[in-house]
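Here is a short report on selected features of one protein model. Keep the sequence and the 3D view open while reading.

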Amino acid sequence: MYFKVTVLEKGKKSSLVLEADNKRVAAAKAKREHPKSVVVAIEETGAPVEDIAGKIGKDLGKFFKKKIREEDKIATIRQIAVMTDAGIPIHDTLDDVAKNTSDKRLQEIFFNIASDINAGKSMSQAIKPYQDEFGHVVMAMTELGEQTGNFPESYHKLANILENVRDNKAKFKKALRYPLITLTAMGIAFVILIMLVVPKFRAIFEELHAELPLPTVILLKTEYAFSHYGPYLLMGLFAIIYSVIFLYKNNPSFKYQMDKLMINPKFYLINKVIFLSTMYSYTLVFGELVKAGIPVAEALGTAVGMVENSYMKERFETVTANISRGMSLTEAFGQTDLFENMLLQMIKAGEASGQLDNMLSKVTEYYNMRFQDIIENLSAYIEPIMMFFIAGLVLLMALGIFMPMWDLGKAAKG
């Protein structure tokens, strides 16, 4: 948030705009910058133009910056696991990985991490500045390796997790390919028909002064908008998309509302994909931490760090708080309203029998099975929507063009 702070210093008033979490923090910042001043007034204001421009420039830089390829990331992590398992010191391992990777960005990152470790930092501390590029799961499994003292095993599991995520993404993209190609082809065909066919009918309708049905009016108005405002509509569409992405990345409140909306049952299919993938990742990391002997409270804190959906993350954060109040893990999970009753009973049985890690593995398998089912049958789920969309376009074109022709004879006589 930004605040306009008015200060009084040596009898003169001056104003400055400061970025802070609340008014109290803004006042403290103003006092640090002007120790001899008195804060007169504080009011919330908009961000300065230079700050907005800086954020947009930074965001565009991230957008156009070349991303690390998943294959290269997995290969380097697997190499680190193998070399550390062979007893090679972590600094020498990272130095060797940096020299051998073909990705320039990974090379730079691993050289920096090796340098930080040489300066006395832990692996998790050294890798934290690059969390956005590596992902939350890398951070979580790095911390797991340090906590358990078995870094090679942790990174072997990490490589397996990333391979699983990569394969799921590949399946998801493959399943979406056919529907997207079909819808794109239909969209292009619709625009071509609008731009080439409709103008010829427009001249006939205007000459005969015929009363036009609603589908024809929609087609004519759409053609007019495309012809006269096409570039502006395209720029407006890109501006809306960019604004949503920018707000999602930079406005926590907007991100929270969007994340909450994305797992709403009304969001057909998307809500299931996001929910099941998040639950799978969370239970997987949590189960691995418990299996490694990490206390439940610590395991929960580490696992929640990799949850990207802010609404679900807020729900998971209540679990740690409830456990600290003396609530059982099953009761705390039940309070989140994210787990099915069947799974809660399994976790309860695991707590009672001392086999929580085994039950968590079964819960993870359940979420993975459901997620895989959606990915593998994605085309079948999307097909009804696609057919409805195609039928709508065809119906609009047919009615818009042929309905007036039925009345052309009457219009000509009139």
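Predicted model: local features only at pLDDT ≥ 70, side-chain atom pairs only at ≥ 80, totals over all residues.

Residues are numbered from 1 along each chain as its sequence is written, and side-chain values use heavy atoms, with hydrogens and water left out.

**Strands**

Helices and strands are DSSP runs, numbered from the N terminus: helices are H or I with at least four residues, strands are E with at least two. Two strands pair if DSSP finds at least two bridges between them.

Strand β1 spans residues 2-9 and strand β2 residues 12-19. They run antiparallel and are joined by eight bridges. Two residues lie between the strands in this hairpin, where Lys-10 takes a positive phi near 55°. β1 also pairs with strand β3 (residues 38-45), again in the antiparallel sense, over seven bridges.

In β3, Val-5 stands opposite Ile-42.

**Salt bridges**

Side chains of opposite charge can pair when their charged atoms come close. Here a salt bridge is a side-chain nitrogen of Lys or Arg within 4 Å of a carboxyl oxygen of Asp or Glu. The whole structure holds 12 salt bridges.

| Residue pair | N to O distance |
|---|---|
| Glu-70 and Lys-73 | 3.6 Å |
| Glu-153 and Lys-157 | 3.3 Å |
| Arg-166 and Asp-167 | 3.4 Å |

Burial is given as relative accessible area: buried is under 20%, exposed over 50%, and partly exposed in between (1.4 Å probe, protein chains only).

Glu-70 and Lys-73 are three residues apart in helix α3 (residues 70-85), so about one helical turn separates them. Glu-70 is partly exposed at 22%, whereas Lys-73 is buried at 5%.

Glu-153 and Lys-157 both lie in helix α9. They are four residues apart, about one turn of the helix. Glu-153 is partly exposed at 38%. Lys-157 is also partly exposed, at 21%.

Asp-167 is partly exposed at 35%.

Salt bridges also form a network that links Arg-69, Glu-71 and Asp-72.

**A residue in α9**

Helix α9 spans residues 151-196 and includes Ser-154. Is Ser-154 buried or exposed? Ser-154 is buried, with a relative accessible area of 3%. Contact means heavy atoms within 4.5 Å. Leaving aside neighbours within four places in sequence, Ser-154 is in contact with Met-141, Leu-144 and Gly-145.

**A helix pair**

Two packed helices are described by the angle between their axes and the distance between the axes. Axes are lines fitted to C-alpha atoms, for helices over the stretch in contact, and angles run from 0 to 180 degrees between N-to-C directions.

Helix α16 (residues 329-336) packs against helix α17 (residues 341-353) at an angle of about 160°, with the axes 9 Å apart. α16 is therefore roughly antiparallel to α17. Angles over 145 degrees count as roughly antiparallel, under 35 as roughly parallel, 65 to 115 as roughly perpendicular, and the rest as oblique.

Which residues meet between α16 and α17? Leu-329, Thr-330, Phe-333 and Gly-334 in α16 meet Leu-344, Ile-347, Lys-348 and Glu-351 in α17.
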